[in-house]
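Subject: Structure handover

Hello,

Please read the notes with the structure open.

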Amino acid sequence: MSDKVITRFAPSPTGYLHIGGARTALFNWLYAKHTGGKMLLRIEDTDQARSTEGAILAILDGLRWLELEWDGEPVYQLARAERHREIAEQLLAEGKAYRCYASAEELQAMREKARAEGRAPGYDGTWRHRDPSEAPTGIEPAIRFKAPREGETVIEDRVQGRVVFANKELDDLVILRSDGSPTYNLSVVVDDHDMNITHIIRGDDHLTNAARQSQIYKALGWETPVFAHVPLIHGSDGAKLSKRHGALGVDAYRAMGYLPAALRNYLVRLGWSHGDAEIMSTEEMIEWFDLDAIGRSAARFDFVKLETLNGHYLRETPDAEIVRRLKALVPELPDGAALNARIGAEGWEKLERAMPGLKERAKTLVELIDNATFLFAKRPLTLDEEAAKLLDPQGRDLIAQLLPRLEAVEPWTLKELEASVRSFAEETGRKLGKVAQPLRAALTGKSTSPGIFDVLDVLGREESLARLRDQTAVIKSA
RNA sequence: GCCCCCUUCGUCUAAUGGUCAGGACGUCAGGUUUUCAACCUGAAAACAGGGGUUCAAUUCCCCUAGGGGGUACCA
């Protein structure tokens, strides 16, 4: 065994890969890369009632999309149950665990009593010393770990520092259920040991578990890995992360048009920092990341900052790559199939040509494609029916004259469009704003969408901006 | 209830026993752009409260308040 760092990401497949899990994975990945070690993946699927195949796939996909590749094959915890049972039996044989015949009702009563007396609620150790001959018949016992009764258990956590638990607060936990299945705390210890995990980086909701697990490591005579319990992510209201506040699967972030690099950059700065560095490449993250710089307080999730970061990365991304990502994303969008058909092969080319003007104005891929709809207008260009209703006869006439001219512009880059509309306005002696505003409404059927047409909208600034706004308002309310 | 953790601008955070408490997002005000976006400049904005320790505390200690996590034969 070398001193090479081995971390692991160990999600339970009961849902999508949520944003907190993504950050945990990122931290594990970064630390492994930083130290030249490995990050393993373990699927904790022992809760068979809640684990699903779909969730497993979602997690694997999510990690791949985020470009956080794990080393080796994923380990499935359920498949290792026999090994866990073996260790439980070993503990039993060594007198470090015992059979417990207490019923669910008895346990419930025990907890209530303890709580009423202001003590730590937990198993009272009834069967710890009782003779097995007193065992009731017809009841399959669970196996409980003999937790130390005296003294304290200390966790030297790389993030939380020295955390001390009085052993009397920690009861004799079940390690093997009466149906013979191992419980979480046992499985985790055995797996982490067998996988040679050196550093356990996970959410701080596991801090108490660390104490119990540490006791099991000691009983087994195994070396305890380094712990690093990272604070959780909260919603923008400071409470537990809810769906409304970002507790979505990473697939949802992909669908909203975020780039993996942006999400990684956002996530890494949540609870960790490196001086004043805000925007950093993956290489820099790997170089700078360290456990000791992780903060101890929970961070609130901020969509606005994520968006800003995403806008930045969008601008940095080569046009061809954006198109590639868009091609993958569009079919997943609501109405994506229709949009995809409308774009067509030609549309993708136009899109790439128009990209310099587009990517500068969008925060997400979804916003970008939304702003680009004018590119995919059906030829010959016609007035959108809905929009036509919003225009007065003069406006309709104007559009009728303009459309054929735009028809000739190929492809539609921002510059070419601008030039075309500008010359039309000059030739006809009209104000640009008066031309552009109805044009946008005419082609997109939308009068409020911000985007490239806004550029055209207000080219004729001589016409006051306020006037244009009013115009928009009128169209909107019509 | 009990145990554990946390608390610097609205948000993410930096730093320090003596600083004008720094940066970023957002906000506001300008600049640039015949608009928008992007970009640039500037401004407002924080040490939760109370006790100590100290010549000196945002920084060290204690208490309170608030927030979070845990408290299962879930993970």
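I start with one sheet. Strands β4, β5 and β8, in the order β4-β5-β8, form an open sheet of 3 strands with antiparallel pairing (strands are DSSP runs of E with at least two residues, helices are runs of H or I with at least four, and both are numbered from the N terminus; two strands pair if DSSP finds at least two bridges between them). At the edges are β4 (97-100) and β8 (174-176), each of which pairs on one side only. On average, neighbouring strands in this sheet are turned by 45 degrees against each other, direction ignored (axes are lines fitted to C-alpha atoms, for helices over the stretch in contact, and angles run from 0 to 180 degrees between N-to-C directions). The antiparallel strands β4 and β5 (residues 142-145) are joined by 4 bridges, and A97 has F145 in β5 as its bridge partner.

On conventions: this is a predicted model, in which local features need pLDDT of at least 70 and side-chain atom pairs count only at pLDDT 80 or more, while totals for chains, interfaces and linings use all residues. Residues are numbered from 1 along each chain as its sequence is written, and chains are lettered from A and ligands numbered from 1 in the order in which they are written.

Chain A overall: its secondary structure comes to 20 helices and 12 strands. Of its 478 residues, 38% count as buried (buried is 20 or more other C-beta atoms within 10 Å of the residue's own, exposed is 12 or fewer, partly exposed is in between, and C-beta atoms are placed from the backbone). Among contacts in chain A with a separation of 6 or more, 77% are between residues 24 or more positions apart (a contact is two C-beta atoms, placed from the backbone, within 7 Å).

Next, the core. In the largest nonpolar core there are 93 residues, and A22, L26, A88, I175, A262 and L263 have the most contacts inside it (such a core is a set of buried Ala, Val, Leu, Ile, Met, Phe, Trp, Tyr and Cys residues joined through C-beta atoms within 7 Å). Helix α1 (residues 19-35) supplies the largest share of this core, 9 residues.

Strand β2 (residues 38-43) has 6 of its 6 residues buried, so it is largely enclosed by the rest of the structure. K38, L40 and R42 lie on one side of β2 and M39, L41 and I43 on the other, and both faces are covered. Strand β1 (residues 6-9) runs parallel to β2 and is joined to it by 4 bridges, with R8 opposite L40. From β1 the chain crosses through α1 to β2 in a right-handed β-α-β crossover (right-handed if, with the strands pointing away from the viewer, the path from the first strand over the helix to the second runs clockwise). Strand β3 (residues 75-76) pairs with β2 in the parallel sense over 2 bridges, and Y76 in β3 is the bridge partner of I43. A right-handed β-α-β unit is also made by β2, helix α2 (residues 53-65) and β3.

For helix α11 (residues 303-316), the buried residues are L306, L309, N310, G311, Y313 and L314, and they pack against α9, α12 and α13.

Last, some loop positions. N196, in the loop between α6 (184-194) and β9 (199-203), has a positive phi near 60 degrees and is partly exposed, with 14 C-beta neighbours inside 10 Å. D335, in the loop between α12 (319-329) and α13 (336-359), has a positive phi near 65 degrees and is exposed, with 9 other C-beta atoms within 10 Å. Most residues other than glycine have a negative phi. P141 lies in the loop between α5 (126-129) and β5.

Regards
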